[in-house]
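Keep the sequence and the structure open while reading.

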Number of protein chains: 2
Amino acid sequence: MNITIEDIRNKLIEKGLKITPQRISILQAVYVLNNHPTADNIIEYIREAHSNIATGTVYKVLDTLVENQLIRKVKTDRDIMRYDGIMEKHHHLYCSTCDLIEDYIDEELDNILSEYL
Amino acid sequence: MNITIEDIRNKLIEKGLKITPQRISILQAVYVLNNHPTADNIIEYIREAHSNIATGTVYKVLDTLVENQLIRKVKTDRDIMRYDGIMEKHHHLYCSTCDLIEDYIDEELDNILSEYL
DNA sequence: TATTAAAAAAGAATAATTCTCATTTAAGAA
DNA sequence: TTCTTAAATGAGAATTATTCTTTTTTAATA
Ligand SMILES: [Mn+2]
Ligand SMILES: [Mn+2]
Ligand SMILES: [Zn+2]
Ligand SMILES: [Zn+2]
């Protein structure tokens, strides 16, 4: 179930967003890095793959993707924003020591929370 | 149930902390401002009351007070730390629009959460 | 009163994010 | 295809809450 560049283009098109190499790279990076990367992780990843990209562009594009519900922002205890390409409802297990975020699905917890009016 | 300067001195003494005018002012400010003030709220409040204080001192003292469990840090959606002088266990209702934090006590919720192993 | 470790003052440094503005480009029109 | 232009990007300066560094002051104890 690897996501292709074509899939990414389609996601952008569905949202009526202009297709740019930067947007494709960034969305792909979020998927590939897939453990809630920081903006910096994404910048590093894209620059390693030989294409340069401006820092401001990355933040701008990430915001656009969040606004269009293609990715999500994840806050942690630290002052660095994390990004999440998984849009299905899920919780996070978070270790404040090493700043690791693990996806966590628990229907029982969901039920308890939704029953609590 | 107003907290006096003497109460504040005693709290500091109980924790084995040196009594300084800055520590007294800051802890008092947290109590008086009492709606989860920012470091800046505290600085403004103390400076209005005619005494000058260094920004770094306020952050340092707040950290000391947190370490000694005299106050708590409260994170919000914004990048500004809030401080809480109420040490009894309580939840927070948070409005991300106006950044207001309201204390919230709900034993039923506490029970549900503690029963959820 | 003298001693001294701890605290505070002052202001520079940090760093993630945002902002500004000149340049480039994607996408639709002709 | 070429033209047009609103939108996107690049480059780097600006922002800002917080931390750090160094010097000076002070609270607590003897
Ligand atoms: Mn996740
Ligand atoms: Mn509170
Ligand atoms: Zn860990
Ligand atoms: Zn509100």
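Predicted model: local features only at pLDDT ≥ 70, side-chain atom pairs only at ≥ 80, totals over all residues.

Q: Which protein donors hold the zinc ion (ligand 4)?
A: The donors are Cys95(B) and Cys98(B), each through its SG atom. They lie 2.0 to 2.2 Å from the zinc ion. Water is not among the atoms, so sites may look incomplete.

Q: Where does Cys95(B) stand in the strand pairing?
A: It stands opposite Leu100(B), a residue of β4(B). Strand β3 of chain B covers residues 91–95, and strand β4 of chain B covers residues 100–104. The two pair in the antiparallel sense, over five bridges.

Q: How many residues lie between β3(B) and β4(B)?
A: Four, and the two strands form a hairpin. Look at the turn for its backbone angle. Most residues other than glycine have a negative phi. Asp99(B), in the turn, has a positive phi of about 65°.

Q: Which other residues in chain B have a positive phi?
A: Among them are two that are not glycines. His36(B) has a positive phi of about 55°. It lies in the loop between α2 and α3 of chain B. Gln69(B) also has a positive phi of about 55°. Its place is the loop between α4 and β1 of chain B.

Q: Are these two residues, His36(B) and Gln69(B), buried or exposed?
A: His36(B) is buried, at a relative accessible area of 2%. Gln69(B) is exposed, at 57%.

Q: What is Asn68(B) in contact with, leaving aside its neighbours within four places in sequence?
A: Lys15(B) and Leu17(B). Asn68(B) is found in the loop between α4 and β1 of chain B. Its relative accessible area is 18%, and the cut-off for buried is under 20%, so Asn68(B) counts as buried.

Q: Now a helix. Which residues of α3 in chain B are buried?
A: Start with the general idea. An α-helix has 3.6 residues a turn, so residues three or four places apart point the same way. In α3 of chain B, residues 39–48, the buried ones are Ala39(B), Ile42(B), Ile43(B) and Ile46(B). Seen down the axis of α3(B), its buried residues fall within an arc of 100°, so they line one face of the helix.

Q: What is exposed on the other side of α3(B)?
A: Asp40(B) and Glu48(B) are exposed there.

Q: What do the buried residues of α3(B) pack against?
A: Three elements of chain B: α2 (21–33), α4 (55–67) and β2 (82–84). After α3(B) comes His50(B), with a positive phi near 65°.

Q: How far apart are Gln22(B) and Thr57(B), in sequence and in space?
A: They are 35 residues apart in sequence, but 7.9 Å apart in space, C-alpha to C-alpha. Gln22(B) is found in helix α2 of chain B. Leaving aside neighbours within four places in sequence, Gln22(B) is in contact with Ile53(B) and Thr57(B). Its relative accessible area is 32%, so Gln22(B) is partly exposed.

Q: Over to chain A. Which protein donors does the manganese ion (ligand 1) have?
A: His36(A), His90(A) and His92(A) give NE2, while Asp84(A) and Asp103(A) give OD. These donors lie 2.1 to 2.3 Å from the manganese ion. In sequence the donor residues are spaced H-x47-D-x5-H-x1-H-x10-D.

Q: How much area do chain A and chain B bury between them?
A: The size of an interface is often given as the accessible area lost when the parts come together. Here chain A and chain B bury about 800 Å², with 57% of it on carbon and sulfur atoms. In chain A, Lys75(A), Ile112(A) and Tyr116(A) lose the most area to chain B, together 62% of what that side buries. The contact takes 10 residues from chain A and 10 residues from chain B.

Q: How many salt bridges does the rule find across the interface of chain A and chain B?
A: One. The side chains of Lys75(A) and Asp79(B) meet in a salt bridge, at 4.0 Å from N to O.

Note on methods. Residues numbered from 1 in each chain as written. Chains lettered and ligands numbered in written order. Heavy atoms only, no water. Donors = N, O, S within 2.8 Å, 3.2 Å for Na, K, Ca; no water. Buried < 20%, exposed > 50% of the residue type's maximum accessible area, 1.4 Å probe, protein only. Arc of directions from axis to C-beta. Contact = heavy atoms within 4.5 Å. Pairing = 2+ DSSP bridges. Buried area = accessible area lost by both parts, 1.4 Å probe.
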